[in-house]
Amino acid sequence: MNLHHQILIVGGGNAGLSAASQLLHEDPSLNIAIIEPSEKHYYQPAWTLVGAGEFDIRDTERPESDYIPRDAKWIKDAVASFQPDQNQLTCVSGAVYQYDVLLVVPGIQLDWQKIKGFKETLGKNNVASNYSFDIAPYTWELIRNFKGGIAVFTNPVTPVKCGGAPHKIMYLACDYWRKKGILDQCEVHYISGAGAIFAVKEFAKTLEDVVKKNKIHTHFLHNVTEIDGPNQTIYYESKDEGGNPLKQSMKFDLCHAVPPQSAPDFVKQSPLADPAQPLGWIEVNKFTFQHTRFPNVFACGDVSNAPTSKTERLATQAGAGGATYSGPYQTHSKYGPIRRLYGLPYSNGVRKTHAG
Ligand SMILES: Cc1cc2nc3c(=O)[nH]c(=O)nc-3n(C[C@H](O)[C@H](O)[C@H](O)COP(=O)(O)OP(=O)(O)OC[C@H]3O[C@@H](n4cnc5c(N)ncnc54)[C@H](O)[C@@H]3O)c2cc1C
């Protein structure tokens, strides 16, 4: 068994698959292996549409084998720890792999347990979340059957994958209830850990109009602490001027909640994590995605500490190694260093990949 690879990729999600396919497209002789434990690949952005009744959940799940590039090796295992000083990592199976270059893209961790009662009530008691493949269809069941009352949508205090997803589903629900003629009987609340509806001003302005049009009550800088499913009550808190917690609660008839998120624990506890960030994101140069302390290590997608939104769009473009994405999330991140290591041409345009 070959336990050494020129390029080793941790995670065969959107970023990992894009990086592998783009690099092999330019040089099929590269020795690339992808470590990915899951037999399935999930198209997560469509889960919002599943929750809104516009997409079938079964169409968001495909065999991972369909997407692993032909010339890459798939190691069906999960990484447990990193030893970057020795250019190696260790898998859950105990296998140790070495690399010249490492790309770490295992996505983000959903910390359901950080909201008391959430996991226990998920999928019942009128509590749903599009952040779960199993539960997204229940969101639609709730929205479709809603007859009016209090509908609560939440957004945690941590960064999340797709900053829009916690509130996109709220607008889609309101739209459906308007068409059904019951929006006037719905009292919609948005409880968010953020200070505004969206971080990008241009988008925030438009979204504020949508919030107003739907008479949505916003509660910014509020942290959801507990969801009591059987009593259909949500608990949340803010801070007063002295920094003391102000606890509040609200009864609900429908609740779509989003879990707090962080880097996966095996990353958080590794030498790759940014020691300044308790959520454990990997510390990279924001222009190159190269690790700031281990030059042959790279990270992008949801797990990096790059100051971008955590989206499929950016994961695939960064992973594909070269896009200059002109838009509100503009990033100049490029895989120039990986390319240079292998004498590959430097890419400066948006590239088409199977996933992008
Ligand atoms: C509800 C929802 C709505 C969204 N909407 C949008 C949208 O509209 N637009 C948009 O651009 N983005 C959206 N996203 C975000 C998008 O899906 C992610 O940003 C994107 O998938 C990140 O890519 P990634 O490769 O970093 O992580 P992922 O695609 O999550 O892939 C990570 C991979 O790593 C693997 N892995 C995990 N642990 C290990 C380990 N120990 N060892 C090896 N491999 C491991 C996983 O099995 C997985 O295959 C949405 C996400 C959700 C949940």
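Modeller: Two strands are called paired if DSSP finds at least two bridges between them. Strands (E, at least two residues) and helices (H or I, at least four) are DSSP runs, numbered from the N terminus.

Colleague: What kind of model is this, and how are the residues numbered?

Modeller: This is a predicted model, in which local features need pLDDT of at least 70 and side-chain atom pairs count only at pLDDT 80 or more, while totals for chains, interfaces and linings use all residues. Numbering starts from 1 along each chain as its sequence is written.

Colleague: How many helices and strands are in the protein?

Modeller: The protein has nine helices and 19 strands.

Colleague: What makes strands S6 and S7 a pair?

Modeller: S6 (residues 79–83) and S7 (residues 88–91) share four bridges, and at least two are required, so the two are paired. The strands run antiparallel. One of the bridges puts Gln83 against Gln88 of S7. The hairpin has four residues between its strands, and Asn87 there takes a positive phi near 50°.

Colleague: Which strand pairs with S7 over three bridges?

Modeller: Strand S8 (residues 96–104) does, again in the antiparallel sense. Gln88 has Gln98 as its bridge partner in S8. S7 and S8 also form a hairpin with four residues between them, and Gly94 in that turn has a positive phi of about 100°.

Colleague: Why is Ala95 called partly exposed?

Modeller: Ala95 has 15 other C-beta atoms within 10 Å. By definition a residue is buried with 20 or more such atoms, exposed with 12 or fewer, and partly exposed in between, with C-beta atoms placed from the backbone. Ala95 is in the loop between S7 and S8. Its C-alpha atom is 9.2 Å from that of Val79, and the two residues are 16 apart in sequence.

Colleague: Is Thr158 counted as buried, exposed or partly exposed?

Modeller: Thr158 has 17 C-beta neighbours inside 10 Å and therefore counts as partly exposed. Thr158 belongs to the loop between S11 and H5.

Colleague: With which residues is Thr158 in contact, leaving aside its neighbours within four places in sequence?

Modeller: Thr158 is in contact with Pro260, Gln261, Ser262 and Leu279; contact means C-beta atoms, placed from the backbone, within 7 Å. For the protein, 64% of contacts between residues at least 6 apart in sequence join residues at least 24 apart.

Colleague: What percentage of the residues in the protein is buried?

Modeller: Of the 356 residues, 44% are buried. In helix H4 (residues 136–145), the buried residues are Ala136, Pro137, Tyr138, Thr139, Trp140 and Ile143. Their cover includes helix H2 (47–51), strand S10 (127–128), helix H5 (165–180) and strand S17 (254–256).

Colleague: Which strands form the open sheet of five, and in what order?

Modeller: The order is S10-S17-S11-S12-S13, with parallel pairing. S10 and strand S13 (217–219) have a single partner strand each and stand at the edges, so one side of each lacks a neighbour in the sheet. Within the sheet, strand S11 (residues 149–155) and S17 run parallel and are joined by three bridges. Phe153 has His256 as its bridge partner in S17.

Colleague: Why do S14 and S16 stand at the edges?

Modeller: Three strands form an open antiparallel sheet in the order S14-S15-S16. Strand S14 (223–228) and strand S16 (245–251) each have a single partner strand, so one side of each is left without a neighbour in the sheet.

Colleague: How do you know that S14 and S15 pair?

Modeller: S14 and strand S15 (residues 233–239) share five antiparallel bridges, and the criterion asks for at least two, so they pair. Ile227 has Ile234 as its bridge partner in S15, and Val224 stands opposite Tyr236. This hairpin has four residues between its strands; Gln232 in the turn has a positive phi of about 45°.

Colleague: Which residues come nearest to the ligand?

Modeller: Of the 34 residues around the ligand, Gly11, Gly13, Gly107, Gly301 and Thr311 come nearest; a residue is near if its C-beta atom, placed from the backbone, lies within 6 Å. Helix H1 (14–26), H2 and helix H8 (312–320) are the elements that give two or more residues to this shell.

Definitions and conventions
Contact = placed C-beta atoms within 7 Å.
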